[in-house]
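Please open the model in your viewer and keep the sequence panel beside it.

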Amino acid sequence: MNHRIVSAVVVTIVALFALAAGMFTWALATATPQQNLKAFAADNPHPPSRRTAECPECHTVEKGTIPVTHRNYDRDSCASCHRLAVPVLVPHSIAMGDVRCPLCHGDPGRDSGVPVSHLRYETDECLLCHPVDAEHFDVEPAPAGLARSYAAPIPHETGGLFEDCTYCHQIGQRRSLPENHRDFALETCEDCHEPSDGAPGN
Amino acid sequence: MRLIVRGVLWFGLYLAIILFPLVVGAVFFDPAQAAGPLISLAAACGYIALALMATELALVSRFGGVAGAFGLDSLLQFHRQVGIASMAFATAHPALLLADRAYTMGLLVPASTTPWPVIAGLVAFVGAALVVGLSVFRRQLRLSYEVWHTTHSALSLALIGFAALHVLGIGRFAALPVMRAVWIIYLVSFVGMFLRYRLVRPLSQMNRPWEVTENRAEHGQAHTLVLRPVGHDGFRFEPGQFGWIGFGHSPLSGNQHPISFSSNGDIPNEDGAVAFTIKQLGDWSSEIVPRVKPGTRAWIDGPHGVFTIDREEGAGYVLIGGGVGVTPLYSMLQALETRGDVRPVFLFHGANDLSDLTFREELAAMAERMDNLTLVTVLVRAEDDWSGERGFISADILTRYLPPALYRRFQYFICGPGPLMDAMEEVLPEIGVPADRIHTERFDMV
């Protein structure tokens with residue numbers, strides 16, 4: 001048999017196997033619940049600060065969070081193969097508390113916004129995984145507002161009819177506040193948003 | 001056409017065997033065991049690599065079905081190239097895991113805390129690299145065939161054993177009972193085939209020994225060994241076939257080498273003797289064969305091969321041989337002569353010089369006796385008084401001797417060194433010979 005035919009057959013077979021490996025990956029990805037996929041994003045194989053020396057506290061065969069074939073491995077052996085992520089430390093004071101984190105970091109896609117994959121966590125869980133950096137514990141956060149932009153001034157008068165913010169701005173059905181403001185009391189609006197002296201548009 | 005049908009059938013079976021574990025993994029996939037895409041891809045590459053390596057054992061187990069379909073030299077070429085490809089998939093397996101940020105370089109540098117399945121995988125990977133590396137660079141490393149062959153077999157079995165431990169002790173899919181069953185069946189089957197070839201088959205030859213009765217030097221640094229069966233009738237073979245020959249007190253005492261018969265398989269000598277003609281090409285053929293004395297115990301596994309005129313019908317035969325590659329063609333000519341076959345036969349015999357022309361006197365005498373045989377001798381280096389063809393066998397030389405109206409209906413058998421084979425595989429289709437009428441066998445197949 002012509003040896004060039006054999007070589008061509010081998011090349012074809014290897015290409016088919018590579019294609020099959022790709023299809024296998026695709027098949028598994030489509031069969032995986034979307035929530036699981038988020039947890040395994042390529043650049044975020046694991047919620048970083050959940051990495052502790054006590055991996056088996058969360059990773060159990062029963063929960064399906066490790067392959068059952070790992071059930072007999074030593075508890076200390078995780079790091080032999082699996083990367084321990086470096087936690088992202090908060091570079092400023094956290095005097096405002098957990099619930100204020102979303103004020104600046106709530107919107108994915110904005111400067112310093114949280115990754116999309118973090119949306120599944122509760123807003124008061126941030127500091128569980130992201131402790132403050134000891135060298136910057138007393139650094140004031142950047143000016144309030146989303147990311148590095150200043151809070152927009154209130155585009156209307158604040159007296160008279162406008163004295164009660166809640167009259168218009170609700171977080172209920174009308175949702176006239178941004179989503180990431182839902183944890184803030186309305187009487188604190190002017191802590192960040194300075195009233196302007198003009199009509200809307202000024 | 002028959003070759004195409006055979007090819008499609010075996011090709012389909014091969015794909016099915018290699019990809020079946022992936023199909024099982026995808027069908028029985030447990031979403032709770034989900035991993036990232038790079039990890040899934042790594043698993044797929046690992047499974048393909050192991051399946052390829054396991055089936056490599058079957059490919060060299062002298063299975064009549066596969067070898068009979070394509071010929072041993074094609075099978076061994078496939079074995080070599082697929083071996084290299086399987087190494088590529090095996091390399092992709094840890095590379096993809098490391099590309100996924102979930103894993104560390106600790107995968108490649110085992111520590112005391114590293115789980116044993118990971119270490120087993122690493123050992124299997126190193127074993128695979130050694131198997132492929134020693135094979136690719138055997139000549140550069142000056143490794144003797146015997147040492148290489150023994151090492152190749154032992155390392156191959158070891159690496160597949162460690163890879164099996166790795167697969168069954170780690171990973172998301174091996175936990176599936178059906179996947180474990182698939183792999184256990186695969187490994188038992190393929191390792192079983194290999195052990196049958198390496199142990200059972202040689203042992204079955206124990207009561208069929210042979211004895212060397214003659215060892216004569218031939219032109220072209222070759223030796224013809226004549227062997228007779230001891231205590232049995234021997235066998236008949238189809239002209240052009242080969243046997244695996246080895247020496248020693250038992251069939252297990254030495255490695256066997258595939259050598260074409262140079263005698264007539266139709267009508268063995270009275271004592272059932274067969275002959276092999278072996279050129280001094282490697283350590284065994286250069287060091288052992290010339291020193292084999294009459295009376296030496298030998299063992300033959302055969303006959304094997306599909307490079308034979310008995311399996312191909314044609315209006316005539318064109319035999320193209322280079323150097324000692326003329327051996328199986330000489331066997332064919334003897335058969336054609338004793339059968340009184342009147343179909344036209346052309347032998348194009350190429351060599352570097354006159355001293356390289358193995359069987360030149362025998363072939364010349366045969367051409368005198370056979371009216372239907374045209375002998376064309378082509379020398380690269382010839383004396384001034386040489387009246388034959390000069391240079392290399394080419395389309396010009398072929399078409400000068402072959403009958404224009406008929407040659408496309410002949411069957412072509414080519415045996416010789418790589419350059420001659422490569423040239424003929426290119427030249428013959430160019431002059432209109434259909435691909436399914438071209439049959440080749442490379443004498444340096446192992």
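How far apart should the end C-alpha atoms of helix α12 (residues 418-430) of chain B be, at 1.5 Å a residue? Select that helix in this predicted model and set the distance against the expectation: the 13 residues should span 18 Å, and because the end C-alpha atoms of α12(B) are 19 Å apart, the two values agree.

Stay on α12(B) and show the side chains of Leu420(B), Met421(B), Met424(B) and Leu428(B), which are the buried residues to look at here. An α-helix has 3.6 residues a turn, so residues three or four places apart point the same way.

Select the residues in contact across it, and you will have 38 residues of chain A together with 51 residues of chain B. On the side of chain A that touches chain B, α1 (3-31) and α4 (78-81) each supply at least two residues, and α1(A) gives the most, with 16 residues. Coloured by class, that side of chain A shows 21 nonpolar, 12 polar and 5 charged residues.

Of the 202 residues in chain A, 15% are buried, and among its contacts between residues at least 6 apart in sequence, 71% join residues at least 24 apart.

For the last stop, return to chain B and select helix α2 (residues 37-59) with helix α6 (residues 145-169), which pack at an angle of about 145° with their axes 10 Å apart. Looking along the line between them, you will find that α2(B) passes α6(B) in a left-handed crossing. Which residues make this contact? From α2(B) come Leu50(B), Met53(B), Ala54(B) and Leu57(B), and from α6(B) come Ser156(B), Leu159(B), Ile160(B), Ala163(B) and Val167(B). By class, the residues in the contact of α2(B) with α6(B) are 8 nonpolar and 1 polar, with no charged residue among them.

Key. Residues are numbered from 1 along each chain as its sequence is written. Chains are lettered from A and ligands numbered from 1 in the order in which they are written. This is a predicted model: local features need pLDDT of at least 70, side-chain atom pairs count only at pLDDT 80 or more; totals for chains, interfaces and linings use all residues. Two residues are in contact if their C-beta atoms, placed from the backbone, lie within 7 Å. Helices (H or I, at least four residues) and strands (E, at least two) are DSSP runs, numbered from the N terminus. Ala, Val, Leu, Ile, Met, Phe, Trp, Tyr, Cys and Pro count as nonpolar, Asp, Glu, Lys and Arg as charged, and the others, Gly among them, as polar. Axes are lines fitted to C-alpha atoms, for helices over the stretch in contact, and angles run from 0 to 180 degrees between N-to-C directions. A crossing is left-handed if the near helix is turned anticlockwise from the far one by less than a right angle, and right-handed if clockwise. The expected span of a helix is 1.5 Å times one less than its number of residues. A residue is buried if 20 or more other C-beta atoms lie within 10 Å of its own, exposed if 12 or fewer, and partly exposed in between; C-beta atoms are placed from the backbone.
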